[in-house]
Amino acid sequence: MTQQMTSPEHIEYVLRLGDNALILGQRLSEWCGHAPVLEEDMALANMSLDLIGQARMLLTHAGRLEGRGRDEDQLAFLRTEPNYRNLTLCELPNQDFGRTMVRNFLYSSFQKLLWERLMTSSDAELAAIAAKSIKEARYHAQHSGDWVIRLGDGTADSHARAQGALDYLWPYTAEFFATTPVDDAVAAAGVGPVWSELETAWEALVMPVLAEATLTVPARTPFRSYGKFGRHSEHMGHLLAEMQIMQRTYPGAQW
Amino acid sequence: MTQQMTSPEHIEYVLRLGDNALILGQRLSEWCGHAPVLEEDMALANMSLDLIGQARMLLTHAGRLEGRGRDEDQLAFLRTEPNYRNLTLCELPNQDFGRTMVRNFLYSSFQKLLWERLMTSSDAELAAIAAKSIKEARYHAQHSGDWVIRLGDGTADSHARAQGALDYLWPYTAEFFATTPVDDAVAAAGVGPVWSELETAWEALVMPVLAEATLTVPARTPFRSYGKFGRHSEHMGHLLAEMQIMQRTYPGAQW
Amino acid sequence: PAYQAEFDAKIDAGGYIEAKDWMPESYRKTLVRQISQHAHSEIVGMLPEGNWITRAPTLKRKAILLAKVQDEGGHGLYLYAAAETLGVSRDELLDALHSGRAKYSSIFNYPTLTWADIGVVGWLVDGAAIMNQIPLCKCSYGPYARAMVRICKEESFHQRQGYDLLLTMMKGTEEQRDMVQDAVNRWWWPSIMMFGPHDKDSTHSAQSSRWGIKRISNDDLRQKFVDATVEQAKVLGVTMPDPELKWNEARGHYDFGAIDWDEFWNVVDGHGQGNVDRLAARVKAWDDGAWVREAALEYARKHDARDSRAA
Amino acid sequence: PAYQAEFDAKIDAGGYIEAKDWMPESYRKTLVRQISQHAHSEIVGMLPEGNWITRAPTLKRKAILLAKVQDEGGHGLYLYAAAETLGVSRDELLDALHSGRAKYSSIFNYPTLTWADIGVVGWLVDGAAIMNQIPLCKCSYGPYARAMVRICKEESFHQRQGYDLLLTMMKGTEEQRDMVQDAVNRWWWPSIMMFGPHDKDSTHSAQSSRWGIKRISNDDLRQKFVDATVEQAKVLGVTMPDPELKWNEARGHYDFGAIDWDEFWNVVDGHGQGNVDRLAARVKAWDDGAWVREAALEYARKHDARDSRAA
């Protein structure tokens, strides 16, 4: 299993990808049975399922790269908060359907670019995961983008809610592109792109949709979030308490 | 420590008292920083604190009666759901301030009667706890009763909310008075009253206040809840996940 | 009357009535009631299982549960679509649900208290549902029959997954086995009540049977379910909470104890706070989503308008 | 002018100005701003600590934390009452907070991420607050000074409890010690920023000092805090995240590294999502509670009316 290219940075990079999928998948699963229309109940469950599926592959792969015998569930359920490497954006509460869709759009647009690049990863397993995941990311970006447009260019109320969601979430997207030595090392090994390189392409994807949605893109502020560095928001602990409780309560049990 | 009178029923009876205080105390603590006025932020924190204080004494006592070396924290944080013996009413979500106050009123009126009777318990420790706790229960009943009246006899909106809260909560009060062999055994040993005996006195306490609040008392239905028998509502598991997470994650650590 | 004769003949020949065909008003009404009740059950049924998605103990089980709940949403969709062929809109049907006029299967008012409940719901509740539904795959109304074929296929997959979950737990620790037994104790009686009142107390059966909407009697289906399930319980290593349950050699069936119909009717009549909570959750989802539905309509209206101006 | 002279004389003699006394408008305004900002800080400050009440690891710690957060509410009450003696209502002040016009201490915009944060907030944040507040116990405005006496007493109790929590954790497992160190790393710099800009960059200090509202300079208080806290850190066994921190024999003080004032102003100016979340939580509590406040007013109105009719 590609042992020759394994480095701590490589492992962390894969974990970060896995944690994004895991944590956003967890959030989306909270919608189950509570969406505005039945079709969206199914779409949200479906997207959650795609992300949990990605998380399973990625965490399994990270565990193998790590070589300490941790499987997908040990990684998903038995780490403490600072060891999760997901983007802060993924852990924020769903709030309403508008915020959920704007987040999905901002995130899956980014993910689409990432998987595209990762399809040519020197890590063959990661490349295979990317080839599968890119189709899902495309669908997520399409689905959420359609909603961003409908909500932004819908009623006055939906416009205000969509704009509020964008204002709230936008500052967290700076974290996508924050530079880190992990990315440099991984890029040097041909494993994956430096995320900061994707900023222009990402803006080229999201700006036209936000414009069509008649939404105003907020100015960048100095605010920075640090989830991918292991420093999360106050929301993360509550999410983990719920997600981890079974594995924490029954250590070692098989389910 | 009153070893001669200890029986499984005695232990369960004390646990039930402790769990009521623990679980309602936990619920009330969720209000912290979110109440309608600052005075109520403080009152809710204060009532939560009283209940957590009662829980500490009662669970410590239950642990001693049990004689298996479990302290208040092991009992509070390391049991599984069916081993908690609180009334279902205590674990229901707070919902709005109205439901929180109606619940506090229904519960603390009952608690007042219970502590009165327990002051003469043959279990000297329990009698001492009752002597301290009755003052708190009186204050809780007074405070929440005042709010029930103000909300019930306030605006049309507040009346509707208070009535909705009463309609929702009332069916759960039947559980207060459900008969159980535990009570019979405990009463026979002079430890405490059979709870079903308190129904008339409880109604005499709550009915005049509900009438003054211009609220309509719902008819009794065949619905029964079973929290005190260890069968809880769907809400309990979520409450426990949050409450237990630290002890579950760091077993054996000192804090 | 000519229409009626044609309809009767088609029914008697075991043929399918289609949406465009003439049908008696009472047939239409009965079908709308039955199909919508079934649809409502699917979407309310997402709630007790949804309650455990965020706490599923492994990622694999989380994925399986998500997929299952998603399937239930899908069943709701097919069934609302089948009901719509009879001239009622999904919104009207949902309004009847939200206002409490329409019923759904009261089994979903029971709470899911532990992870084992997820397995037991799959095994017993889906198991009973399949038993009820298989005959409907051949029911006289075409759109309903076709929806049921698809649903039954998925339900039996869910049942096997539930059973597999329980098998895994039964091979685990004593705590896990106790959890399974406790869940079986809570769900067994409600499951066998899913077949409805005894035949002698059942109101709709004769007419429904004539129409091929209800081909096998409540008691026969219940017996079939008990017979099949008790054998599965043995393999699993759990016991049903019924001391009177035992094989009757003469009948060639399992005998079982008397059903507590008071409990059944209490739950059906909504004297359960489960009913209040489930309905409140559905109503809240619907109300919270109103602005989204309005936005979608308004967007479509605006863009249709623009498109026609452009044309 | 006669009033002004009398006021100045009282200030110079170290006496107290009371609510009924004449005072310059700018004195009144400065006090309202300072007291209300302090009051807002107390109630916003309930949120980061409130975040951990439901997850406190022991019942004893849960009770201590509840009592502490309750005390903070109490401080808010004393302070709003002190501000009210200057002719503004609590509702006006809260409106200024909710609309974003009024400030509160930006330290409370930082998240509490682990249980160790609860200890570190007590030790460092309350410690810095006390250092800032002790001089105010002798400030020239009587109602404010008296509120501060009571507050300082309780704050130093909280600080000791926070320190005790950390001592317990430092005696625990390596994981617990790491948690404490991580919390110290995150809170150290924000804590020393609590003393505000350097004296040379501070705008209000001269006038405030003349009025006895601000008796010791930002930099002096900060130095005092650093000197005291570094010694406590040694006992605890944690290190501050500042490589330049070291004892300066000549000065008789600890030297420390340069403060990142960009970070400070970003947080003060609300370029932190912490600010957005905290304010949203307060506004939501206030809006959700509107019906309760209205009900209480309406009840009082009705019953006053009834009482006067009866009289």
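Predicted model: local features only at pLDDT ≥ 70, side-chain atom pairs only at ≥ 80, totals over all residues.
Biologist: Which residue of chain D forms a salt bridge with A:Glu234, and how far apart are the closest N and O atoms?

Modeller: Side chains of opposite charge can pair when their charged atoms come close. The rule for a salt bridge asks for a side-chain nitrogen of Lys or Arg within 4 Å of a carboxyl oxygen of Asp or Glu. Here A:Glu234 pairs with D:Arg278, with 2.7 Å between the closest N and O atoms. The pair crosses between chains, from helix α10 (residues 234–249) of chain A to helix α12 (residues 273–288) of chain D. A helix is a DSSP run of H or I with at least four residues, and such elements are numbered from the N terminus. Over all chains, the rule gives 64 salt bridges.

Biologist: How many residues of chain B are in contact with chain D, and how much area is buried between the two?

Modeller: Contact means heavy atoms within 4.5 Å, and buried area is the accessible area (1.4 Å probe) that two parts lose on being put together, summed over both. In this model 48 residues of chain B touch 47 residues of chain D. About 4100 Å² is buried between chain B and chain D, and carbon and sulfur atoms give 69% of it. B:Leu38, B:Met42 and B:Trp255 supply 18% of the area that chain B buries against chain D, more than any other three residues.

Biologist: How many salt bridges and polar contacts join chain B and chain D?

Modeller: There are three salt bridges between chain B and chain D. B:Asp153 and D:Lys302 meet in a salt bridge, at 3.0 Å from N to O. A polar contact is a pair of N or O atoms within 3.5 Å, where within protein one must be able to donate a hydrogen and the other to accept it, and residues adjacent in sequence count only if both atoms are side-chain atoms. Chain B and chain D have 15 residue pairs in polar contact, both residues being at pLDDT 80 or more. The elements giving two or more residues to the side of chain B that touches chain D include α1 (8–29), α2 (38–66) and α10 (234–249) of chain B. Of the elements, α2(B) gives the most, with eleven residues.

Biologist: How many residues of chain C touch chain A, and what does that interface hold?

Modeller: Chain C places 47 residues in contact with 48 residues of chain A. Together chain C and chain A bury about 4000 Å², 70% of it on carbon and sulfur atoms. Three salt bridges cross this interface. C:Arg282 forms a salt bridge with A:Asp41, with the closest N and O atoms 4.0 Å apart.

Biologist: At what angle do helices α6 and α7 of chain B cross?

Modeller: Axes are lines fitted to C-alpha atoms, for helices over the stretch in contact, and angles run from 0 to 180 degrees between N-to-C directions. The axes of α6 (residues 124–152) and α7 (residues 156–173) of chain B come within 7 Å and cross at roughly 125 degrees. Therefore α6(B) is oblique to α7(B) (under 35 degrees is roughly parallel, over 145 roughly antiparallel, 65 to 115 roughly perpendicular, the rest oblique). B:Arg150, B:Leu151 and B:Gly152 of α6(B) make the contact with B:Ser158, B:His159 and B:Ala162 of α7(B).

Notes:
Residues numbered from 1 in each chain as written. Chains lettered and ligands numbered in written order. Heavy atoms only, no water.
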